[in-house]
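Me: I have a structure to go through with you. Can we take it in short questions?

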Amino acid sequence: MYDVTIVGGSLAGCSAAILLGRAGLRVAVLETHKDPAHYKRLCTATIRSSALPTLQRLGLDKKIAAEGGMPCHDAFHGDDGWIRDPGSASRPEHGYNLQRPKLDPLIRQAAAETPGVDMVLGAKAFQLSRGPHGRVNGVVAKVRGEEQLFSSRLVIGADGRSSTVADLAGLESRTSANDRFIFFAHYRNVEVRPKETLRAWFVMPDVFLLASFGDGTTVMAVAPDKRSLPEFEKDREAFLLGAFAKLPDAPDMSRAERVTDLVGTKDYPNLSRKRIVTPGLAVIGDAAMVNDPVSGVGCGFAFQSAEWLADAVTEPLRRGDTAAVDKALRGYQRQHKRRLSAHHLTIADLSKRKVLPPVIRLILAGAVTDPQVAERYVGVVTRNVSPLSLFSPRYLARAAVAARRTRSADPDASVPALGK
């Protein structure tokens, strides 16, 4: 008998386990893979700065830094030049870049060392148990070939986008198409600017990313429109290197040496769920929401959603009040939607765009020369500020003035009209 059974021992599941275990609760973490060093391959390994307070609370920020985590500072190139982060006292200073082969074992070990947490490797969940009124009260899993029941007051699904827990609980998913594919590899000897450890180029409909790490490697990612797939398949690495070589202000790759396989996917739909809780059960991380990987939000949202859920349910679980637990779950669901839905919708919309919306092009142009316009835009893409804040009339008016200043040297450049 446990207080909580968590299915999935990656970023979200282990974060929840650490927080719940520290609160004096008994937690079982069921991880399908037997190898404690297992890691997620399809990830550019960037953690948005919105998750830094959660990392600090978990005590992971120092561990990440000790493993060579690189503070992540953003820069973006649009049609009119570079947008650089001017910084802000109202949001965390930076996120982190850390390769998943280092990040995943690090947090799994931290969870396993937390008093009250049992890490069960090689456990494949396949059934939920329920009480007489249908409330979820445990998980049945195969462990080393034998079926075991893990009874608990709460079950948490942290088992990724193809969540078995969500499916068993009837939490239906909604997907939206992503018109880009993404592939990346890690290289050595790539030119990196110290204060631009994450650089993105919007060459619509294609997006290109570069993120540097503390060990001297750099991940280079291409996220082109799917119409480029035939050309990409002819020679994948030549496509990647050739695409970067053509970018404005491209990094020096004359000495670049690839040190990992080229990893990626040709199709990665966005996914959301209308409900992410049911009595006795909740889902977090990618089990709750999946976004276009080019947005780089998956790791941060995993940490944050785990924290929100743990905070919501800790006291009801301590009291053993299942009715209060279920009420807390509904509060977690509302918080998740309030904090992340607007980000999800804008990311999903961008993943289908052939050109940026005029209002976003205007903001990008204004952000090149106006630090205040840039500060809010960077606040949105680092997931510290709601995308809705970009549509403030006062902000858009300032962006329009700044965009005209940015483009004043080019009389042929046009500023999109607001609302068009």
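Me: How many bridges join strand 3 to strand 7?
Reply: This is a predicted model; local features need pLDDT of at least 70, side-chain atom pairs count only at pLDDT 80 or more, and totals for chains, interfaces and linings use all residues. Residues are numbered from 1 along each chain as its sequence is written, and side-chain values use heavy atoms, with hydrogens and water left out. Strands are DSSP runs of E, at least two residues, numbered from the N terminus, and two of them pair if DSSP finds at least two bridges between them. Strand 3 and strand 7 (residues 95-97) run antiparallel, and the bridges joining them number 2.

Me: What is the strand order of the open sheet?
Reply: The sheet has 3 strands with antiparallel pairing. Strand 3 (46-47) and strand 4 (70-72) are its edge strands. The order is 3-7-4.

Me: At what angle do helix 1 and helix 4 pack?
Reply: Helices are DSSP runs of H or I, at least four residues. Helix 1 covers residues 11-22 and helix 4 covers residues 100-112. Their axes, lines fitted to C-alpha atoms over the stretch in contact, are 8 Å apart. The angle, on a scale from 0 to 180 degrees between N-to-C directions, is about 25°.

Me: Why is helix 1 called roughly parallel to helix 4?
Reply: Angles under 35 degrees count as roughly parallel. Helix 1 is roughly parallel to helix 4 because their angle is about 25°.

Note on methods: Angles under 35 degrees count as roughly parallel, over 145 as roughly antiparallel, 65 to 115 as roughly perpendicular and the rest as oblique.
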